[in-house]
Amino acid sequence: MLQERTIGFIGAGSMAEAILAGLLRQKEVSRKQISIINREDQERLKELTERYRLDETKQRIETVAKSDIVILAVKPKDVPEVLQTWGHLFSEDQMLLSVAAGISTSLLEQHVAGKMAVIRVMPNTSCAVGQSATAICPGSHVSPEQLETARLIFRSIGSVIVVDESLMDAVTGLSGSGPAYVYYLAESLEAAGISAGLSPETSRALTVQTLLGASQMLLKTGKAAEELRREVTSPGGTTMAGLEVLDQYQLDEAIKKAVLRAKARSVEMGQQIAITF
Ligand SMILES: NC(=O)C1=CN([C@@H]2O[C@H](COP(=O)(O)OP(=O)(O)OC[C@H]3O[C@@H](n4cnc5c(N)ncnc54)[C@H](OP(=O)(O)O)[C@@H]3O)[C@@H](O)[C@H]2O)C=CC1
Ligand SMILES: O=C(O)[C@@H]1CCC=N1
């Protein structure tokens, strides 16, 4: 189904590239279907055009804004400017997929053509390797077919769940920002390995494979994380000694607070943008 659709990206930053790279990598769409623009960074556009061998003549707002599917991938603060400047080019036979954190479908709907279908999406940067955890929620004028198209796009670059919009800020705090928490953990583990006497290369290799293996265990065994943790933890052994230190530092509490703070920030950003629109 995607083979026939054109996809235009407004915004050419890390999220746009992650989605673009994932779609091309999975061969879900061809390079000819893609157009992308940003605001001013011509070097960046050139870099993407060359890296993904895109058609140079299509990298213009008129092409992007007339694509069957427009993916809005600018920072939330830039959404008003984009819609005020280019919103008039959209029409009801297109779909707008917005990945902007915190921006509600109802706010977007107020600034696009008539009953244009608007879908709010929260992917994460693991799109680039086909492993995003993406949540989507439809706005008021989305047909089942349009929702299915959005699901197909993001299914090709990871998993997709459809959620009620009231849950999108929570999703943003957990899986939108989530890769950064995991990279933080990876940085900490790598540094700790070095402190324990390993070379940087060995520490990185062991860290990466440990995270990958643990994720695969969660996925493939279907066991609860708690059960898998218990299986590693021999009574009186090394893991128990290590986990006791994490408990002393209340790592679980810190992670909970981080996710809740990120969720609250998503709400705040949406409210701030709504005022400026
Ligand atoms: N990064 C992430 O992990 C995730 C991000 N998101 C969401 O994705 C969106 C983009 O984030 P990210 O890719 O990290 O941001 P970046 O800062 O990397 O990219 C933003 C892009 O938007 C462009 N832009 C800004 N203003 C305009 C404009 N008026 N017209 C056209 N293009 C414009 C910028 O162009 P220029 O450089 O020329 O100014 C730049 O290419 C955000 O809303 C964020 O909430 C969602 C999930 C995860
Ligand atoms: O940090 C941000 O605001 C974006 C949204 C989710 C991940 N990155």
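1. The second largest pocket of this predicted model has a volume of about 960 Å³. Of its 37 lining residues, Met 15, Ala 73, Val 74, Lys 75 and Pro 76 are the closest to the centre. A pocket here is an open set of points on a 1 Å grid over the protein atoms alone, where a 1.4 Å probe fits, with protein on both sides within 12 Å along at least five of seven lines; lining residues have an atom within 4 Å of a point. The volume is the space filled by probe spheres set on the points, which are joined across faces, edges and corners.

2. Lys 27, in the loop between H1 (14-25) and strand E2 (34-37), has a positive phi near 55°. Gln 250, in the loop between H11 (238-248) and H12 (251-276), has a positive phi near 50°. Most residues other than glycine have a negative phi.

3. A note on conventions: residues are numbered from 1 along each chain as its sequence is written. Local features need pLDDT of at least 70 and side-chain atom pairs 80 or more, while totals for chains, interfaces and linings use all residues.

Definitions and conventions. Chains are lettered from A and ligands numbered from 1 in the order in which they are written. Side-chain values use heavy atoms; hydrogens and water are left out. Helices (H or I, at least four residues) and strands (E, at least two) are DSSP runs, numbered from the N terminus.
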